[in-house]
Amino acid sequence: MEQEIRRKTVLSGIQPSGVLTLGNYLGALKNWVGLQEQYDCYYMLADLHTITVRQVPAELRQNVLKTISLYLAAGLDPDKCVLFLQSMVPAHSQLAWLLNCYTMVGELSRMTQFKDKSAKHEDNINAGLFTYPVLMAADILLYQADLVPVGKDQLQHLEIARDIATRFNNAYSPTFVVPQALTFPAGAKIMSLSAPTKKMSKSEDGDGTVFVLDPKDVIIRKFKRAVTDSQSDIRFAEGKDGINNLISIYSCFTGKTVPEIEAEFEGKGYGEFKIAVAETVADGLTPLQNRVSEFMKDREYINRILTDGAEKASYTARKTLSKTMRKIGFYDTSK
Ligand code: TYM
């Protein structure tokens, strides 16, 4: 008899800790849309992760609304994938506790994000910041995800999720699918426009970070001020971090390859190139921005999506959680 082939499962998430940046969009959200057609996709808003850094309560609520609206505006379709809010599915916190006991302090200490964030928030180096990757592992393992589409900055966290899954499977018997990262080369690491050796990040204000809801004039201003180098040729090459970044961004929006872009701007100056990239980005984001405001107005629809999503996600998550608890040896009154 023909055996049914299981569709692969995809899971990913973004922290609703502010408006999404161009990095979040090009490194993650934009790539998720196409995956809905081929895979069983779970896309969440990682709100539990946001409180590792202090959030203003009213802003957190507003950012959840903005982020789910952005998911929908970008083309995620609740009929094709499960869209949900992490905090509405208790199994995430529950599995995270269990996995904490299968994660070593030594491996968590090596996480570069922990080191960076504790340097940035010296007055609030909380335990959640340290165990952050364990919660992320729980997010992924609960859904038995095969593929996790992320930007390059999350690869170290993916590696630890794989290590935790493998350790647990070896200690008991196969329980978790060992997930694989999925990166999309062009947008995998979008750099700050003002410091192109650093990644573009939500927590850095100023002109280095483009937010997807920035108005056109702000986008143009930020790109005009983008740091480049002292040469003048528009070429992707080592040491030209600023130009390389602009080429990558332009490539993501136009679908053009690097050689095509180099040919298009041959003999042109940096100023002209920056304006061309800025216009392309601003125009590329306009439809998304228009749709976001529509979704944000429809609270009833958003609430329904989140309620349905949490129900579907919980169904899958609870199955993995029970299986995990059984393997560990927790008492089960149904037996
Ligand atoms: P977060 O919210 O920092 O970022 C969300 C996604 O955007 C990608 N990204 C970038 N990609 C390219 N260039 C950049 N400058 C850039 N900045 C961010 C990130 O790689 C990520 O894919 N821990 C995660 C959220 C999370 C998660 C998960 C992800 C929680 N649980 C489970 C995957 C699976 C985070 O903080 O992402």
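The ligand has 28 residues around it, and the closest are Gln15, Tyr132, Asp139, Asp153 and Ile190. Keep in mind that this is a predicted model.

**Who lines the ligand site**
- Sorted by class, the shell comes out as 13 nonpolar, ten polar and five charged residues.

- Asn24 uses its side chain instead, with a polar atom 3.1 Å from an oxygen atom of the ligand.
- Lys202 also brings in a polar side-chain atom, 3.1 Å from an oxygen atom of the ligand.

**How covered the ligand is**
- On its own the ligand would expose 710 Å², and the protein buries 97% of that.
- Strand E1 (9-14), helix H1 (22-38) and helix H7 (127-142) are the elements that give two or more residues to the shell.

**Where H10 meets H12**
- Helix H10 (residues 241-254) and helix H12 (residues 270-297) have axes that come within 10 Å and cross at roughly 35 degrees.
- The crossing of H10 past H12 is left-handed.
- On the H10 side, the residues in contact are Ile243, Leu246, Ile247, Ile249, Tyr250, Phe253 and Thr254.
- H12 answers with Tyr270, Phe273, Lys274, Ala276, Val277, Thr280, Val281, Gly284 and Leu285.
- Split by class, the residues of this H10–H12 contact are twelve nonpolar, three polar and one charged.

Conventions:
Residues numbered from 1 in each chain as written. Predicted model: local features only at pLDDT ≥ 70, side-chain atom pairs only at ≥ 80, totals over all residues. Heavy atoms only, no water. Axes fitted to C-alpha atoms, helices over the stretch in contact; angles between N-to-C directions. Helix = DSSP H or I, 4+ residues; strand = E, 2+ residues; numbered from the N terminus. Left-handed = near helix turned anticlockwise from the far one by under 90°. Contact = heavy atoms within 4.5 Å. Nonpolar A, V, L, I, M, F, W, Y, C, P; charged D, E, K, R; others polar. Near = heavy atom within 4 Å. Polar contact = N/O pair within 3.5 Å; in protein donor to acceptor, adjacent residues only side chain to side chain. Areas by Shrake-Rupley, 256 points an atom, 1.4 Å probe, with all protein chains shown as cover.
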